[in-house]
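Please keep the model in view and check each point against it.

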Amino acid sequence: MRRFTLLFFVAAFISAIAAFKIVKNNASCTTNNAAPRKLSVTDMRKTKFVYLEKYADQIKAYTLKNNFNTRYCFMIDMKMASGSKRFFIYDLQNDSVLQSGLVTHGSGRNNLNDSAVFSNEPGSNCTSLGKYKIGKPYYGAFGVAYKLYGLDKTNNNVFNRFVVLHAHPCVPDNEIAPRYICRSWGCPTISPLFLNQLRIYLDKPGKPILLWIFDR
C-alpha cells in the first residue's frame, strides 16, 4: 500500500512538472506572437501620402538651386476631391506631412460641376498648375493674403491675374467629402484657421516657401 501511494505521488509530481512546461512554452508563444506595433500619427500620414515623396525629391533639388526654403514646402494635390484635405504642409528633411487642410480650385467660366479645370489664361477663372513662389503678405479684400508668383509656363500669368493665397469662411476646417466646397476664380483659398497655421511657416524670416499645385 505504501509503495502504491509513493508511486502515485511520484506520478502526480511528474505530471505537474510537465504541465508547468506546457504553460511556460505557451506563454513564450504568446510573447513571440504579440500584436504588431500601432503606427504613430506621423507614420500613418507618411503611409497614406507616400506618393508625395516623389514630388518632394524634385522640390528638394529645386529649392537648393533656386534659393528657396529647404526645410518646408507646400503641396496641393488637385487629383483629390475638394472636400478632402489636399493642401499639405510638408517637412522636406523628414519626408512627412505636418498638417493638411481644404483648399478650393478655380471654377472656370462654364464649368458647372466640381471637377477641376486648369488654365493659365487671363479671365479663365481656373487654377493654374505648377510651382509658385509665395510672396510677402498684404491686407486685401479677404484680409491677410499672400501674393503668388508663377515659376512655370503653366502659371506665369497668375500675378497679373491677381491669383493669391488667401482665406475665406466658405472653406470649412474639416473634411466633408464626398460633398464639395466652394470654388474660387483661380485662387488657392483656404479656411481662416488653416491660414493661421500656414502663417507659422510663412511669416518666419528667411527664404521664401515653394508651393507646388499638381494634378497627378
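1. Lys60 counts as partly exposed because its relative accessible area is 25%, where under 20% is called buried, over 50% exposed and the range between partly exposed (1.4 Å probe, protein chains only). The model is predicted, so local features require pLDDT of at least 70 and side-chain atom pairs pLDDT 80 or more, although totals for chains, interfaces and linings use all residues. Residues are numbered from 1 along each chain as its sequence is written, and side-chain values use heavy atoms, without hydrogens or water.

2. Asp57 is likewise partly exposed, because its relative accessible area is 49%. The side chains of Asp57 and Lys60 form a salt bridge, with 3.9 Å from N to O; the term requires a side-chain nitrogen of Lys or Arg within 4 Å of a carboxyl oxygen of Asp or Glu. Both residues belong to helix α3, which covers residues 52-66. They are three residues apart, about one turn of the helix. Helices (H or I, at least four residues) and strands (E, at least two) are DSSP runs, numbered from the N terminus.

3. How many salt bridges are there by this rule? The count is seven. Among them is the one between Asp77 and Arg216, whose closest N and O atoms lie 2.5 Å apart. This pair connects distant parts of the chain: Asp77 is in strand β1 (residues 72-77), Arg216 is in the segment after β8 (210-214), and 139 residues separate them.

4. Are Asp77 and Arg216 buried or partly exposed? Asp77 is buried, because its relative accessible area is 0%. Arg216 is partly exposed, because its value is 41%.

5. A salt bridge also joins Asp152 to Lys131, with 3.5 Å between the closest N and O atoms. This pair, too, links distant parts of the chain, 21 residues apart. Asp152 lies in the loop between β5 (143-150) and β6 (164-167), whereas Lys131 lies in strand β4 (residues 130-140). Lys131 is buried, because its relative accessible area is 15%.

6. Through salt bridges that share partners, Asp57, Lys60 and Asp95 are joined into one network. Asp95 sits in the loop between β2 (87-91) and β3 (96-101). With a relative accessible area of 18%, Asp95 is therefore classed as buried.

7. Which side chains make polar contacts with that of Asp95? One is that of Lys60, at 3.1 Å; another is that of Tyr90, also at 3.1 Å. A polar contact is a pair of N or O atoms within 3.5 Å; within protein, one must be able to donate a hydrogen and the other to accept it, and sequence neighbours count only if both atoms are side-chain atoms.

8. The strands β1, β2 and β3 named above take part in an open sheet of eight strands. The order is β3-β2-β1-β8-β4-β5-β6-β7, and the pairing is mixed; two strands pair if DSSP finds at least two bridges between them. At the edges stand β3 and β7 (189-190), each of which pairs on one side only.

9. In what sense do β2 and β3 pair? Their pairing is antiparallel and extends over five bridges. Within this region, Asp91 stands opposite Ser96 in β3. The loop that holds Asp95 lies between these two strands, β2 and β3.
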